[in-house]
Amino acid sequence: MNYLNSSLNKKVVQIFNIIPIIFVILWSSAFITSKIIVDNAPPFVSLSIRFGIVAFFFFLFFIFFSKNKKISFKAFIDASISGLLFHGIYLGGVFYAFSKGISATLIALIVSLQPILTSFLAKIYLNETLTKYQWIGIFLGFSGASIIVISDLIGDLSAIAFFAGIIGLISSSLAIIWQKKIGSNLSLSGNNFLQALSASVFHLFLALCFEDFLINFSKDFLLAMSWQIFAVSLGAFLILMWLLENNKANQTSTLFFLVPPVSALLAYLILQEKIIFVDFLGLFLSCLGVFIVSKFHNNMESKDQNKIS
């Protein structure tokens, strides 16, 4: 009996260890499909449609499966702000940068610098501490990402596209901190419903102010939009929320260091974007940084558990 329980526990741990890898792949794929979507539709119109549909599905989950169906005014405001930061300003910046010609690889690299900013913000607002080993890992990850960014910046890049990416970077960092700081009594489906709803309304407002509603409903557009709704918004974002609930903010954000190299690989395979030697060097350094931070975190957890026992 003990053997069966031990075997089952090992399988559960293995599944939990795979979750971050699934998250990185899904999150990275969003940059590829975003490029395809923006090639066929205005950025804010497409985002409004996407999160309108996502909000509908989360609403159904909330109504039929959530035990706690009460939503206080404070919870409504907190979740709406999270939605504006996560889905509104962050993705609005990314999609707008795409509309101005930025590559999928480069925008992924810009917003992947989020762990650096998040770590400082977590230290200030959440009183989280960073050990010297974590700083080494963050430095290696930052260096790997920077190598690829600098390489791509040698090419043509409009200032407005770069600035839009920076806005997305800042917003994603603030979103991580905000989500950890407020917590939530809402169910996961209720929280995500309000976030998606606020983002949809936000993007609709921007679309009405600045865009036309001309959409090319091509096969590529429909496939990319479906992937973003079901795999990214309903899949990857739920995983991200789970990671935030079970890890410190700086450790969760470190996963984003893997996004640039994975995005670069997907961009090469799907969008035929070029990958050169420095891209591989950046990939190596980024992955090494993530390994060091994750390994040290796991060692610290093991020591804590031994002390408790």
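Modeller: The largest nonpolar core has 61 residues. A nonpolar core here is a set of buried Ala, Val, Leu, Ile, Met, Phe, Trp, Tyr and Cys residues joined through side-chain atoms within 4.5 Å. Buried means under 20% relative accessible area, exposed means over 50%, and partly exposed lies in between (1.4 Å probe, protein chains only). Phe 23, Trp 27, Phe 31, Val 94, Phe 98, Ile 102 and Ile 107 have the most contacts inside this core. Its largest share, 12 residues, comes from helix H9 (residues 219-246). Helices (H or I, at least four residues) and strands (E, at least two) are DSSP runs, numbered from the N terminus.

This is a predicted model: local features need pLDDT of at least 70, side-chain atom pairs count only at pLDDT 80 or more, and totals for chains, interfaces and linings use all residues. Residues are numbered from 1 along each chain as its sequence is written, and side-chain values use heavy atoms, with hydrogens and water left out.

Take Val 94. Leaving aside neighbours within four places in sequence, Val 94 is in contact with Phe 31, Ile 107 and Val 111. Contact means heavy atoms within 4.5 Å. Across the protein, residues 24 or more positions apart account for 90% of the contacts with a separation of 6 or more.

Leu 109 belongs to helix H4 (residues 104-111). Leu 109 is buried, at 0% relative accessible area. Ala 145 is 36 residues from Leu 109 in sequence, yet their C-alpha atoms are 6.1 Å apart.

Now the whole chain. The protein has 12 helices and zero strands. Of its 309 residues, 50% are buried. Accessible areas come from the Shrake-Rupley method with a 1.4 Å probe; for residues, only the protein chains shown count as cover.

Buried positions in H7 include Ala 161, Gly 165, Gly 168, Ser 172, Ile 176 and Gln 179.

Next, the surface. Phe 59, Phe 61, Ile 63, Phe 64 and Phe 65 make a nonpolar patch of about 530 Å². Patches are made of residues with over 30% relative accessible area and no salt bridge; like charges are joined within 9 Å, nonpolar side chains (Val, Leu, Ile, Met, Phe, Trp, Tyr) within 5 Å. Ile 63 sits in helix H2 (residues 43-65). Ile 63 is partly exposed, at 34% relative accessible area.

Charge pairing comes down to one salt bridge. The rule asks for a side-chain nitrogen of Lys or Arg within 4 Å of a carboxyl oxygen of Asp or Glu. Lys 74 pairs with Asp 78, and their closest N and O atoms are 2.7 Å apart. Both residues lie in helix H3 (residues 73-99), four residues apart, about one turn of the helix. Lys 74 is exposed at 56% relative accessibility, whereas Asp 78 is buried at 11%.

Last, a loop residue. Gln 272 lies between helix H11 (259-270) and helix H12 (277-308). Its phi is near 60°, a positive value in a residue other than glycine. Gln 272 counts as exposed, at 59% relative accessibility.
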